[in-house]
Amino acid sequence: MPALIELSGIERIFYLGDSEVHALRHLELSIAAGEYVAVMGPSGSGKSTLLNLLGLLDHPNTGIYRLEGRDVTTLSPEEQARVRSERIGFVFQSFHLVPRLTAAENIALPMTLAGIEPAQRSKRVVQALKDYGLADRASHRPDQLSGGQRQRVAIARATIMQPAMILADEPTGNLDRATGEEVMRLLEELNQRGVTLIVVTHDITLGARARRQLLMEDGELRHDSKVKI
Amino acid sequence: MRTPDLIRFARDAATGNPLRTSLLVLAMAIGVAAVVVLTALGDGARLYVISQFSSLGTNLVIVLPGRSQTGGFNPGNAITSTPRDLTIDDAQALLRASAVHLVAPLAVGTSEISYGGKLREVMVAGTNAQFIEIRRLKLAQGRFLPDGDWRRGASEAVIGAKIRDELFGAESALGQLIRVGDRRFRVVGVMASTGQGLGMNTDELVIVPVALAQAMFNSNTLFRILIEANGREAIEAAKAQASEIIRQRHEGEEDVTIITQDAVLATFDKLLGTLTLAVAGIAAISLAVAGILVMNVMLVSVTQRTSEIGLLKALGATGATIRSAFLTEAAMLSLAGALLGYLLGQGGAALIRQLYPVFPAYPPDWAVFAGLGTALLTGILFGVLPARQAARLDPVQSLAKR
Ligand SMILES: Nc1ncnc2c1ncn2[C@@H]1O[C@H](COP(=O)(O)OP(=O)(O)O)[C@@H](O)[C@H]1O
Ligand SMILES: [Mg+2]
């Protein structure tokens, strides 16, 4: 069985006027389905860039990204959108909920965008609200929810399409310790049910909970707890 | 995205920013309302003129001396230096035509009228008994000129309402003797006041038998011959027959112009129709302005919602989905504005009709459709650019925006 994610020879360079920023340098990485990976490293080391690349929000300047055996770097924008819709769930540090939509509508958004039947949608949303302890918050708007509740809505939204992997960029960055722990536990539960989980964090304790740690520095992968570099 | 979801999403996005939305809807509404009201005014003017013309008398054919300039260059005309005059005999000859129902000769001139030491200038119209019927005029008192030989006629006059008031005041005018020029006439009738309007104003007119008027002005020519055709379908025949009779009487020269009320009406109709169209065009400019406003406001909206667009992309929205979401929003705002403008415009037109009941200020159907259509089209057209801009946004940078 091929790895879920396979990066080879990835380079990501940003051009800022005359200067070049090597956000990712000759990256070689393989992640199997069902893994729990923490991406760590100092600020500016390329963690977010890596995650955006894995989520098909960004493109490498060179190199090949194989997702489930398929080279996704050459896909058309429409096909990439479809992969994002069906295979990838995002969780952001700042939640990124649509302020005018209720919790239920925010959770349903990926299904709405994918054109799923309303009956099917509401069935899944009801289940998700229950799973994430948000049943009594269904019709609340984001500004009526606490930070932890917002992130739970975001996680429910990320999982509603039953993706193969969850990409979380500092999901606890805007939360207090206890709430952060709780959010991590929810994500880890997903992982236990087989979803590949990739979490960017610079919190060493949180990172240590993952079965595999990647250490980024200056755009390079410095350490991989699974592979000796 | 399913269409109902798309519409709901666009609606929520629009209502999520009430100020922006009401601004846009208002701009669009003003444009459409302008089209509706202005075309209602234009078309109202057209209908008003038509109705006024109809009151002049129906199935009217008018013979004028001289060849019409608009008839095009006719080599035959170049030879005749002066056109022959129209005479009472010409008028009488027209009675022979089968399509002709009534004929009234008309000679006009100005003279002085006096009674009881009061003196004023008047317009004198010399005609016959049929005039009142052809022109659909009404008497206030007495009777009109009697039927009889057109080349003679008793010294009887019918005076306009204003002349009566000025000369006689509270006195009775009927049976009184007045002096017009150097002749004495007995007043046998008073015309009903016609007031202002496109119709013939008889208020300051003195009507006398045509032969006496010609004698008074020392001429045997006519100003006009008025013909009433047998019916609407007989108008063309009456025109042709009249033309032929006059031509024969004038030794084969076509030296008169014959106009029909229909032709005059058609000209006015066309003129005022064009005016309405021009007015609609001017009003449509405000729609174009509204369209540009739609574009700018939508562009601002794209900027404000950049991070949302990035999120939608991360959640799997294609460029096409984002494009249609923004286009739907622009179209919905335009539609709402157009409908509001339609109601405002109809309300405005109704108000005008209320204030000026004689003025039929109804917007023509084509203008309403054109106004609504233009509003929708400009809204969508000017919504394309912002929608495309939204679809092209880079998701990573958009998500980084706050
Ligand atoms: N859009 C961009 N344009 C220019 N430079 C960028 C851009 N995005 C990231 N970078 C640069 O790339 C490097 C890695 O950024 P990032 O992946 O966000 O770091 P991290 O998430 O580890 O803090 C940084 O030096 C950052 O300044
Ligand atoms: Mg980062």
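**View 1. Contact between chain A and chain B.** The contact draws 24 residues from chain A and 24 residues from chain B in this predicted model. About 2,200 Å² is buried between the two chains, with 62% of it on carbon and sulfur atoms. Of the area that chain A buries against chain B, His96(A), Arg100(A) and Leu113(A) supply 33%, more than any other three residues.

View 2. Four salt bridges are counted between chain A and chain B. One of them joins the side chains of Glu105(A) and Arg8(B), at 3.9 Å from N to O. On the side of chain A that touches chain B, two or more residues each come from helix H2 (77-87), helix H3 (103-114) and helix H4 (118-131) of chain A. H3(A) gives the largest share, five residues. By class, this side of chain A comprises 11 nonpolar, five polar and eight charged residues.

**View 3. Surroundings of ligand 1.** Residues around ligand 1 include Phe14(A), Leu16(A), Val21(A), Ala23(A), Pro42(A) and Lys47(A). The shell consists of five nonpolar residues, six polar and one charged. H1(A) contributes its largest share, three residues.

**View 4. Backbone contacts to oxygen atoms of ligand 1.** A polar backbone atom of Gly44(A) is 2.7 Å from an oxygen atom of ligand 1. For backbone N or O atoms of Ser45(A), the corresponding distance is 3.2 Å, and for Gly46(A) it is 3.0 Å. Ligand 1 taken alone exposes 560 Å², of which the protein buries 67%.

Methods:
Residues are numbered from 1 along each chain as its sequence is written. Chains are lettered from A and ligands numbered from 1 in the order in which they are written. This is a predicted model: local features need pLDDT of at least 70, side-chain atom pairs count only at pLDDT 80 or more; totals for chains, interfaces and linings use all residues. Side-chain values use heavy atoms; hydrogens and water are left out. A residue is near a molecule or strand if one of its heavy atoms lies within 4 Å of it. A polar contact is a pair of N or O atoms within 3.5 Å; within protein, one must be able to donate a hydrogen and the other to accept it, and residues adjacent in sequence count only if both atoms are side-chain atoms. Accessible areas come from the Shrake-Rupley method with a 1.4 Å probe; for residues, only the protein chains shown count as cover. Helices (H or I, at least four residues) and strands (E, at least two) are DSSP runs, numbered from the N terminus. Ala, Val, Leu, Ile, Met, Phe, Trp, Tyr, Cys and Pro count as nonpolar, Asp, Glu, Lys and Arg as charged, and the others, Gly among them, as polar. Contact means heavy atoms within 4.5 Å. Buried area is the accessible area (1.4 Å probe) that two parts lose on being put together, summed over both.
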